[in-house]
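Reader: I am new to this structure. Please take me closely through a single part of it.

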Amino acid sequence: KIVNGFDLFAYAKKKNLLLPAFNTTNLEMTKAIILGLNDAHLPGFIQISSNNLKLSDPGMIADLVRDFLENTETPIGLHLDHGKSFEDVRRCVDAGFTSVMVDASAYGFEDNIRAVRRAAEYCHFYDIPVEAELGAIRGKEDDNCSEADCKTDPALVEEFVDRSGCDTLAVSIGNVHGLEEIPRIDLPLLKEIAEVSPVPLVLHGGSGISFELIRNMKTYKMSKINYGSDLRQAYIKTFGKAYEVNHKEADLYGLSMKAVENVRQTACDLVRIINGF
Ligand code: G3H
Ligand code: ZN
């Protein structure tokens, strides 16, 4: 059974655990992430971004997750990552996703609040938590702001959370998407945000951030850490290496099985390490 997002956050809080949220792209990644979390006996989210829904539709992903979860024991939620439209939020909730993110960070403060509010009213009826983003996360997103301009302004946090109705808040504190730019985490800023935020916080761009730093963030209301690139690398490398060795390589089945094992191991290692196991 896919676990409800509110229940997953409550469970993690009770057990003092950080929840990783691993991005999936396709069937193999989905299976590997679920197996990895299950191997570690630790809870977490599997998530898919609005952009990726063009490749794998919400119903297909939800069916896959439900199917793979039949043989697992650890609590796992299914989350819409960087939800770009109300339509995507509705499609995912209707398909059985158990939490969503509304990423309206590219718009102004008021429009961001409006977009989150609309989704929250819909989602809360179904008991689904909503993550919002204040400030913008640099890297692959369409946010072309400078490092300083992107960061979350602590002075806006309380009003944003109260008026938008979001249940968790993704912050911009020097974290970046992807592996090209090196993240420079501003811990004093995170501390300031944590002091005023009425809701738990979320960190995007987990790949490339030191584990010690991530473990420290638990003291500052951090509850969910997104990992995308690290897992995609583990997947892609499997095929890249095989092709380098043999340009006539065509064993898609064998390599896909190997890729699943590599992603599974990476997910298992990550959830253990961020939780100090
Ligand atoms: O929403 C997805 C994450 O923020 C992924 O970031 O690819 O840098 O780990 P990452
Ligand atoms: Zn992200």
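Which residues are buried in α2?

Author: First, the ground rules. This is a predicted model, in which local features need pLDDT of at least 70, side-chain atom pairs count only at pLDDT 80 or more, and totals for chains, interfaces and linings use all residues. Residues are numbered from 1 along each chain as its sequence is written, while chains are lettered from A and ligands numbered from 1 in the order in which they are written.

Now the helix. The buried residues of α2 are Met 29, Thr 30, Ala 32, Ile 33, Ile 34, Leu 35, Gly 36, Leu 37, Asn 38 and Ala 40. A residue is buried if 20 or more other C-beta atoms lie within 10 Å of its own, exposed if 12 or fewer, and partly exposed in between, with C-beta atoms placed from the backbone. Because 10 of the 14 residues of α2 are buried, the helix is largely enclosed by the rest of the structure.

Helix α2 covers residues 27-40. Helices (H or I, at least four residues) and strands (E, at least two) are DSSP runs, numbered from the N terminus. From first C-alpha to last, α2 reaches 20 Å, close to the 20 Å expected at 1.5 Å a residue. That expected span is 1.5 Å times one less than the number of residues. Just after α2, His 41 takes a positive phi of about 55°.

What encloses the helix? The cover over the buried residues of α2 includes β1 (19-23), β2 (44-49), α3 (58-69), β3, α10 (229-245) and α11. Two of these elements lead further.

Next, β3. His 82 lies in this strand, which spans residues 76-83. His 82 is buried, because 25 other C-beta atoms lie within 10 Å. Beyond its neighbours within four places in sequence, His 82 is in contact (C-beta atoms, placed from the backbone, within 7 Å) with Ser 49, Ser 50, Met 101 and Asp 103. UniProt lists His 82, His 177 and His 204 under "binding site" in an unreviewed entry. These three are spread over 123 residues of sequence but cluster in space, with a largest C-alpha distance of 11.9 Å. UniProt positions follow the numbering used here, feature names are shortened, and annotations may be inferred rather than shown by experiment.

Asp 103 sits in the loop between β4 (99-102) and α5 (109-125). Asp 103 is buried too, with 28 other C-beta atoms within 10 Å.

Last, ligand 1. Each of β3, β8 (222-227) and α10 supplies at least two residues of its shell. In total, 14 residues surround ligand 1, and the closest are His 204, Ser 207, Asn 226, Gly 228 and Ser 229. To be near a molecule, a residue needs its C-beta atom, placed from the backbone, within 6 Å of it. The shell divides into 1 nonpolar, 11 polar and 2 charged residues. Here Ala, Val, Leu, Ile, Met, Phe, Trp, Tyr, Cys and Pro count as nonpolar, Asp, Glu, Lys and Arg as charged, and the others, Gly among them, as polar.

Technical notes. Contact = placed C-beta atoms within 7 Å.
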